[in-house]
Amino acid sequence: MKKKLTFAAVAFMSTAVLSACGAAPGSSSSNAEGTKVGDTLKVGLNFESTGDVSAYGNAGKNGAQLAIDEINKDGGVDGKKIKAFVKDNKSDNSEAATVTTNLTTESEVNAIVGPMVSSAVASASPNAEKAAVPLVAPAATQDDLTVDKDGKTRPYMFRTTFIDSYQGEAISKFATDELKAEKVVLYYDNSSDYAKGIAKEFKKQFKGEIVNESTFQAKDTDFQSALTKFKYADFDAVVMPGYYQEVGTIIKQAREMGIDAPIVGPDGFADDKLVELAGAKNASDVYYISGYSAKSSDKAADFAKAYKEKYGEEPSMFAALGYDSVYMVADAAEGAKNSAELAKNLAKTKDFEGVTGTMTIDKKHNPVKSVSVVGLTDGKEGSATVVEADK
């Protein structure tokens, strides 16, 4: 089932600090032309292959590698094959910055895809900017990553996913229009700027009543006390900004306590481990923002088939975003003689058709694109409601 909602994407222009690890530090390029595009197009993959968020990193890396293989099989970019330089940042922000320096100075890459999470991108992107090498962040949602402290667009920072404030707005729209929720419980991860930012925007946008607002912390495992506090309240849905690690367990405990209201969350839900933690039977009437659904287009379905053939599993949103990021770089690399020209071409991206939707890069280097709200039934995708952004 696929439905469609539409609303104005005012949040795409937001430069408010809403997400992980504060504002991204500013930096200016010390190399006007960056790295030369030679006989091959050099692309660095800076992903979290190990560590706390390796589920995101490995999915993104797999998607990126699939795209590289396909492009090379089709003849490359301007007849040049893509040469990948794959590095593990170990889910560590300092390591992400070090990897970026290595990729730009030692490997002399023409573009970097990754890291996946906002805090790592905030650490890595100044080093890419210093080298005049564009960094495309597949899944980093922190609002201010693409602008400096004065609100000016950072010329070498791009992303292929929507920003945090947009997720808060989309969740509010979905809860109101699709779930007909007039009263909600807001239960979010208070240790995560990502979750707090989404909760903040949701509260700003939601016109109904928030009957209970509670928080949890990363790595918590027992949520029954908080769940008991609102179990008997009068509400239509639970809005739960957070990551799958905690949310999966919360869903399990909530359903076992008899809380059967719809649960709605952001893209942090988007991992198979959420269902594993919650239990398939409990993962029903659960909805989350996703930049990707295999049911959204023929292109997305073809990608899902190719990914499963290569890796033996269904792709996640993070795999799809890694895949689109590489294709967007390849598209921008056409005719580019160096990484600085590649970055300028990225800034001009318009109506790029990816598996995660059709993207146009705005003046803040954020993509204007549609998003899907995926609905789970018995742990499997049962619906996809498309939320369109007005360009």
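**Notebook: helices, loops and buried residues**

I began with the pair α1 and α9, where Ala59, Asn62, Gly63, Gln65, Leu66, Asp69 and Glu70 in α1 meet Phe303, Ala306, Tyr307, Lys310 and Tyr311 in α9; contact here means heavy atoms within 4.5 Å. I sorted the residues of this contact into 6 nonpolar, 3 polar and 3 charged, where Ala, Val, Leu, Ile, Met, Phe, Trp, Tyr, Cys and Pro count as nonpolar, Asp, Glu, Lys and Arg as charged, and the others, Gly among them, as polar.

I note that this is a predicted model, in which local features need pLDDT of at least 70 and side-chain atom pairs count only at pLDDT 80 or more, while totals for chains, interfaces and linings use all residues. Residues are numbered from 1 along each chain as its sequence is written, and side-chain values use heavy atoms, with hydrogens and water left out.

I then looked up how α1 (residues 54-73) and α9 (residues 298-311) pack, and found an angle of about 105° with the axes 11 Å apart. The axes are lines fitted to C-alpha atoms, for helices over the stretch in contact, and angles run from 0 to 180 degrees between N-to-C directions. The two helices α1 and α9 are therefore roughly perpendicular to each other, a term for angles of 65 to 115 degrees, whereas under 35 counts as roughly parallel, over 145 as roughly antiparallel and the rest as oblique. Helices (H or I, at least four residues) and strands (E, at least two) are DSSP runs, numbered from the N terminus.

Next I turned to α5 (residues 193-205), whose 13 residues reach 18 Å from the first C-alpha to the last, close to the 18 Å expected at 1.5 Å a residue; the expected span is 1.5 Å times one less than the number of residues. Ser192 caps the N-terminal end of α5, with a side-chain oxygen 3.2 Å from the backbone nitrogen of Tyr194. Within α5 I listed Tyr194, Ala195, Gly197, Ile198, Ala199, Glu201 and Phe202 as buried, which is to say under 20% relative accessible area, with exposed over 50% and partly exposed in between (1.4 Å probe, protein chains only). Their cover includes α4 (164-177), β7 (183-189), β8 (209-216) and β9 (237-239).

In the loop between β1 and β2 I looked up Thr35, which is buried at a relative accessible area of 9%. Leaving aside neighbours within four places in sequence, I found Thr35 in contact with Thr104, Glu108, Val109, Asn110, Val133, Asn338 and Ser339. The side chains of Thr35 and Asn110 are joined by a polar contact of 3.1 Å, meaning a pair of N or O atoms within 3.5 Å; within protein, one must be able to donate a hydrogen and the other to accept it, and residues adjacent in sequence count only if both atoms are side-chain atoms. Asp39 also lies in the loop between β1 (2-8) and β2 (41-47), but at 74% relative accessibility Asp39 counts as exposed.

Last, I checked backbone features in other loops. Ser91, between β3 (82-88) and α2 (93-105), has a positive phi of about 60° although it is not a glycine, and Ser91 is partly exposed at 25%. Ala132, in the loop between α3 and β5 (135-137), has a positive phi near 60°, and at 0% relative accessibility Ala132 counts as buried. I also noted a cis peptide bond between Gly114 and Pro115, with omega about 5°; Pro115 is in the loop between β4 (111-113) and α3 (118-130).
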